[in-house]
Amino acid sequence: AFAVGVTLYALLLNEYPWVSTRPGCCKSFDYFRENGFSAFIKKRHLLRGAHVEKLLSEPVVEILSGLLDADPAARLTLGESAWADTGRRSVGQSSWLDEAAAPKAGEVATSTTDACAAGALEA
């Protein structure tokens, strides 16, 4: 799940969060590991000057915080059945995916699955 978090971060911001996860090799990763994701994004600026915290919505911060939790035992799972009875939260339970899955009132469905669920397609 950690690699998925790094990938999602890179896709959303068009920049990697750090260059290495080896202790002592990257100040950004060391800061993240010591202070957590929320503190990391408050301090982090992209190469193009934008402040990371201002670019990410609260639901995105929630899912990235979970995927990038430094403690593997606390990290979000990807929904694997092996974790079903452990009480660990899954990415599928994030508010970001909940918001993305259902079209809001007055919005057009963005996929055939959404359209079928909304009753927009006829047989």
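Reader: Phe2 and Trp18, buried or exposed?
Author: Phe2 is buried, and Trp18 is buried too. Bear in mind that this is a predicted model.

Reader: How are the rings of Phe2 and Trp18 arranged as an aromatic pair?
Author: They are stacked, with 6.1 Å centre to centre and 20 degrees between the planes.

Reader: And which parts does that pair tie together?
Author: Phe2 lies in helix 1, residues 2-13, while Trp18 is in the loop between helix 1 and helix 2 (27-35), so the pair ties together parts that are 16 residues apart in sequence.

Reader: OK, next pair. Why is Phe37 with Phe40 called tilted?
Author: The ring centres of Phe37 and Phe40 are 6.2 Å apart and the planes are at 35 degrees, so that pair is tilted. Stacked would need planes under 30 degrees apart, and edge-to-face over 60.

Reader: Where do Phe37 and Phe40 lie?
Author: Both are in helix 3, residues 37-43. They are 3 residues apart, about one turn of the helix.

Reader: What relative accessibility do Phe37 and Phe40 have?
Author: Phe37 has 5% and counts as buried. Phe40 has 3% and also counts as buried. The cut-off for buried is under 20%.

Reader: How many aromatic pairs in the whole structure?
Author: The search finds 10. Ring pairs also link Phe2, Tyr9, Trp18, Phe29, Phe32, Phe37 and Phe40 into a cluster.

Reader: Switching to charges: what sits over the ring of Tyr31?
Author: The charged end of Lys43, 4.4 Å from the ring centre.

Reader: What share of the residues is buried?
Author: Buried residues make up 31% of the 123 in the protein. The protein exposes about 8,000 Å², with carbon and sulfur atoms supplying 55% of that.

Reader: What about contacts between residues at least 6 apart in sequence?
Author: Of those, 45% join residues at least 24 apart.

Reader: Last topic, confidence. What's the average pLDDT?
Author: It averages 81, and 76% of the residues score at least 70.

Reader: Where is the pLDDT below 50?
Author: Over residues 109-123. Beyond near neighbours in sequence, that stretch has 9 contacts in the model. Where pLDDT is low, the predicted coordinates should not be read in detail.

Key
Residues are numbered from 1 along each chain as its sequence is written. This is a predicted model: local features need pLDDT of at least 70, side-chain atom pairs count only at pLDDT 80 or more; totals for chains, interfaces and linings use all residues. Side-chain values use heavy atoms; hydrogens and water are left out. Buried means under 20% relative accessible area, exposed over 50%, partly exposed in between (1.4 Å probe, protein chains only). Contact means heavy atoms within 4.5 Å. Accessible areas come from the Shrake-Rupley method with a 1.4 Å probe; for residues, only the protein chains shown count as cover. Rings of Phe, Tyr and Trp (its six-membered ring) pair if their centres lie within 6.5 Å; planes under 30 degrees apart count as stacked, over 60 as edge-to-face and the rest as tilted. Helices (H or I, at least four residues) and strands (E, at least two) are DSSP runs, numbered from the N terminus. A charge sits over a ring if NZ of Lys or CZ of Arg is within 6 Å of the ring centre and within 35 degrees of the ring normal. pLDDT is the predictor's confidence in each residue, from 0 to 100.
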